[in-house]
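Please keep the sequence and the model in view as I speak.

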Amino acid sequence: MITSNCLSVNEGNHLTIGGIDTTKLAQEYGTPLYVMDEDCVRHNCRLYTESMNRFYGGNGLILYASKALCNTALCKIIASENMGLDVVSGGELYTAYKAGFPMEKIYFHGNNKTKEELDLALSLGVGRIIVDNRDELRRLNALCAEKGKKASILFRITPGIDAHTHDFIMTGQIDCKFGVVLETGDAMDIIRLASTMENLEVVGVHCHIGSQIFDLDPFCEAAKVMMNFIGDIKDELGLTISELNLGGGFGICYTEKDDPISYDKYMEAVSKVVKATAEERNIALPKILMEPGRSIVGSAGITLYTVGSVKSIPGVRNYLAVDGGLGDNPRYILYQAEYDFELAGRMNDEKNEVYTVAGKCCESGDLLGENIALPEAKPGDILAVLTTGAYNYSMASNYNRIPRPAMVMTSGGKARVIIKRETYDDIIKNDCE
Ligand code: LLP
């Protein structure tokens, strides 16, 4: 099993999370079941905050990227860790608002925010809007005029960095749907335009080069490119940029093959680059913002399933079918994402079988993993998939009209439901005759 600070094995040979026996959680709350450990989430938050304090004198703010997982309980935890929040839709913003999240610490992203979403953001008073393109810039300026408000904005820049990750989650290169391109001069042009707009104040620039990245170099390169751009903005437009948002993307350990860098190493290296470039270009040190999503919640979550059937096709493969699948975790079918799997009730048994773990959707590609070594499994066993805290619930669907599972949060040896299991009535609640 991969090492994690919330997972362990008890004397009964069962997997535990936050000190609680996972087979008991499965029994009490049913399966499939997402389980998150609060203490682990808080621990991950503090690693970032402490690192920012240590290497950049605390002149920054860690924004949790709520696309990784967004719900009321989690927003409250993030707020109590004194962090900010990156939201990317009206729905995430509304969740944060209802959770009582301080609006001034919210950064609103998105490559095509609708007029309604911008309207909501202005009405609620979000701290910053990260403008993606010219159309949005004009829309926002007009809306501000209409509402008699002024908005503080950052620009999403594509810095031309290749982050060596899966194509679908690589976002720093020129050919990308997000942001304005630096190399072509488009980024400078849009900032020039914005600086003439009465209702907008340009405070920062932002980039996000991709997700699940293990190399330090692309992050440092991006920081350097962005700092030089801040220098160019000052030289060309006489404008001081006070916020540099470097996005998220820090890789985490899903299987033993993954070897993430520590945030301390990252922060130390990036701070060095930022400070050196600031001196070179004679610009003031900007406030640094970072937007980790996966690395805050990923390792804090697991999913529990019940094995329903085991089918052996001699000479071909063994299928092990569980009561969930792509509806609650679409990451295998989308990105061939790999996970660590365990039979939660037989943790020390020898893993002498190899399975393809199949979901229950009517879709051959509905798999959770292939070539998975496990002890010989039988119906009724509880299968745990580890590190499912990020981009699982947040990407879940009702395909085949399967209700979404519940989410339970453990803390201090106790568990509580933070998202209820959907019912069949939830499934039909928006149907009209
Ligand atoms: N900031 C921005 C602007 C982003 O677009 C993202 C992720 C983040 C921060 C957070 O990145 P993280 O620290 O979580 O890597 N569904 C995919 C991941 C998509 C990431 C999208 N943007 C997956 O399951 O791997």
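A charge is said to sit over a ring if NZ of Lys or CZ of Arg is within 6 Å of the ring centre and within 35 degrees of the ring normal. The charged end of Lys-113 does this over the ring of Phe-108, at 5.9 Å from its centre. Before I go further, this is a predicted model, in which local features need pLDDT of at least 70 and side-chain atom pairs count only at pLDDT 80 or more, while totals for chains, interfaces and linings use all residues. Residues are numbered from 1 along each chain as its sequence is written, and side-chain values use heavy atoms, with hydrogens and water left out.

Now to the aromatic pairs, where rings of Phe, Tyr and Trp (its six-membered ring) pair if their centres lie within 6.5 Å, with planes under 30 degrees apart counted as stacked, over 60 as edge-to-face and the rest as tilted. How many aromatic pairs does a search of the whole structure find? The search finds nine, and one of them joins Phe-219 and Tyr-266 edge-to-face, at 5.1 Å centre to centre and 85° between the planes. Because Phe-219 lies in helix α8 (residues 217–237) and Tyr-266 in helix α9 (residues 263–281), this pair ties together parts that are 47 residues apart in sequence; helices here are DSSP runs of H or I with at least four residues, strands are runs of E with at least two, and both are numbered from the N terminus.

One aromatic cluster takes in Tyr-48, Phe-219, Phe-250, Tyr-263 and Tyr-266.

Finally, helix α1 (residues 22–29) has Thr-22, Thr-23, Leu-25 and Ala-26 as its buried residues. The face of α1 turned away from that buried side carries the exposed residues Lys-24, Gln-27 and Glu-28, and just after α1, Gly-30 takes a positive phi of about 85°.

Note on methods. Buried < 20%, exposed > 50% of the residue type's maximum accessible area, 1.4 Å probe, protein only.
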